[in-house]
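Reader: I'd like to learn how to read a structure feature by feature. Can you walk me through one?

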Amino acid sequence: MLIERQQDVTPAVLEIMERTRDPRLREILVSLIKHLHGFVRDVRLTEAEFREATAILNEMGKLTTDTHNEPVLMAGSLGVSSLVCLLNNGDHGNTETSQSLLGPFWRLNSPRTPNGGSIIRSDTPGDPLLVNARVQEQDGNPIAGAEVDIWHASPIGLYENQDPEQAEYNLRGKFTTDAEGRFWFRSVKMVGYPIPTDGVVGRLLKTQDRHPYRPAHLHALILKPGFKVLISQVYDPHDPHIDTDVQFGVTKALIGDFIRHDEPHPTEPDVQAPWYALDYVYTMEPGEAVLPRPPIK
């Protein structure tokens, strides 16, 4: 088709997209062209704005390294990550789900840790945190033998890959649930933290007068054949940014109860007050157990 006017562009591109062999890819590309071309017309995109947009995409690619993923940060800051998560879990977002965002800081090879062990691998001052959790099916039956990958930020708001003062894989560990679906471990209480703001996402937040903070949370990735991989975050309801998460990731089902204790632990003499306890139940949905691609190494 020879293009004579702007109205001819979209039909010409759609005709080519319709030739895509894979049905799902064809569906995605056809819808993408309809919405993308519609967006360009809707906002009357100028040539200068188009050049700026492509420059931003190039910059996001250059900013992405083994320890930082700018497109993932942008997807979260636009609410896309949360939307995709909820559309694909909890009966397409109609019921509560333990599923949440993967985030940009998951690493693949966290060290194996026995239940009851600590994930503190270098000097990390902070209030002790004791986590007792259970993994179950939707009907409440325990899931034994599930592999649980845990990670979280430090009490100064940094993951170990961001902080040269922390040991490799500090505050990360991989556990296995027992016959009752339980796993438990010791750590230090995490705090909320700002996402990196020295790139494209930071400029966006500044333009919108938005703060960059995520509320304090505990990450988990749970793997068990026969179940969809569960990616979860459990949030501290007392965090000052619990209602304004920059990544739009907080749902009611993901609110934990981080209980503060001001007396020494009754059975662990080395756990001094104040210390915190978190009990939480993770619910897995049936499906194929496919690990996501790690956003960083």
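This is a predicted model: local features need pLDDT of at least 70, side-chain atom pairs count only at pLDDT 80 or more; totals for chains, interfaces and linings use all residues.

Reader: Let's start with helix packing. At roughly what angle do the axes of helix α1 and helix α2 cross?

Author: For a helix pair, look at the axis approach and the crossing angle. Here the axes of α1 (residues 9-17) and α2 (residues 23-43) come within 9 Å and cross at roughly 165 degrees. An angle over 145 degrees counts as roughly antiparallel, so α1 is roughly antiparallel to α2. The crossing of α1 past α2 is right-handed.

Reader: Which residues make that contact?

Author: From α1 you have V9, T10, V13, L14 and M17, and from α2 there are R26, L29, V30, I33, K34, H37 and R41.

Reader: Now another pair. At roughly what angle do the axes of α4 and α7 cross?

Author: The axes of α4 and α7 come within 9 Å, with a crossing of roughly 25 degrees. The cut-off for roughly parallel is under 35 degrees, so α4 is roughly parallel to α7. On the α4 side, E70, L73, M74 and S77 meet V200, V201 and L204 of α7. The residues of that contact divide into five nonpolar, one polar and one charged.

Reader: Which residues of α7 are buried, and what do they pack against?

Author: To read burial along a helix, list the buried positions and then ask what covers them. In α7 (residues 200-207), V200, V201, G202 and L205 are buried. The buried residues of α7 pack against α3 (47-63) and α4 (70-77).

Reader: Let's do polar side chains next. Is H152 buried or exposed, and what does its side chain make a polar contact with?

Author: H152 is in the loop between β2 (147-151) and β3 (172-176). Buried means under 20% relative accessible area, so H152, at 2%, counts as buried. Its side chain makes a polar contact of 2.6 Å with the side chain of S187. Leaving aside neighbours within four places in sequence, the contacts of H152 are I119, Y159, L171, S187, V188, M190, H217, L218 and H219.

Reader: Where is N89, and which side chains does its own side chain make polar contacts with?

Author: N89 is in the loop between α5 (80-87) and α6 (90-93). With 3% relative accessibility, N89 counts as buried. The N89 side chain has a polar contact with the side chain of Q99 at 3.3 Å, and another with the side chain of K228 at 3.0 Å. Not counting residues up to four places away in sequence, N89 touches T97, Q99, K228 and E285.

Reader: What about backbone torsions? Which values should I look at?

Author: Most residues other than glycine have a negative phi, and most peptide bonds are trans. Against that background, Y169 has a positive phi, near 65 degrees. Y169 is in the loop between β2 and β3 and is buried, with a relative accessible area of 16%. L171 lies in the loop between β2 and β3 too, and has a positive phi of about 65 degrees. L171 is buried, with a relative accessible area of 0%. Just after α7, D209 takes a positive phi of about 55 degrees.

Reader: Which residues does a cis peptide bond join?

Author: A273 and P274, with omega about -5 degrees. P274 is in the loop between β9 (259-261) and β10 (275-283).

Reader: Zooming out, how many helices and strands does the protein chain have?

Author: Seven helices and ten strands. Its C-alpha trace spans about 80 × 40 × 30 Å along the principal axes. Of the 297 residues in the chain, 42% are buried. For contacts between residues at least 6 apart in sequence, 71% join residues at least 24 apart.

Terms used
Residues are numbered from 1 along each chain as its sequence is written. Side-chain values use heavy atoms; hydrogens and water are left out. Axes are lines fitted to C-alpha atoms, for helices over the stretch in contact, and angles run from 0 to 180 degrees between N-to-C directions. Helices (H or I, at least four residues) and strands (E, at least two) are DSSP runs, numbered from the N terminus. Angles under 35 degrees count as roughly parallel, over 145 as roughly antiparallel, 65 to 115 as roughly perpendicular and the rest as oblique. A crossing is left-handed if the near helix is turned anticlockwise from the far one by less than a right angle, and right-handed if clockwise. Contact means heavy atoms within 4.5 Å. Buried means under 20% relative accessible area, exposed over 50%, partly exposed in between (1.4 Å probe, protein chains only). A polar contact is a pair of N or O atoms within 3.5 Å; within protein, one must be able to donate a hydrogen and the other to accept it, and residues adjacent in sequence count only if both atoms are side-chain atoms. Ala, Val, Leu, Ile, Met, Phe, Trp, Tyr, Cys and Pro count as nonpolar, Asp, Glu, Lys and Arg as charged, and the others, Gly among them, as polar.
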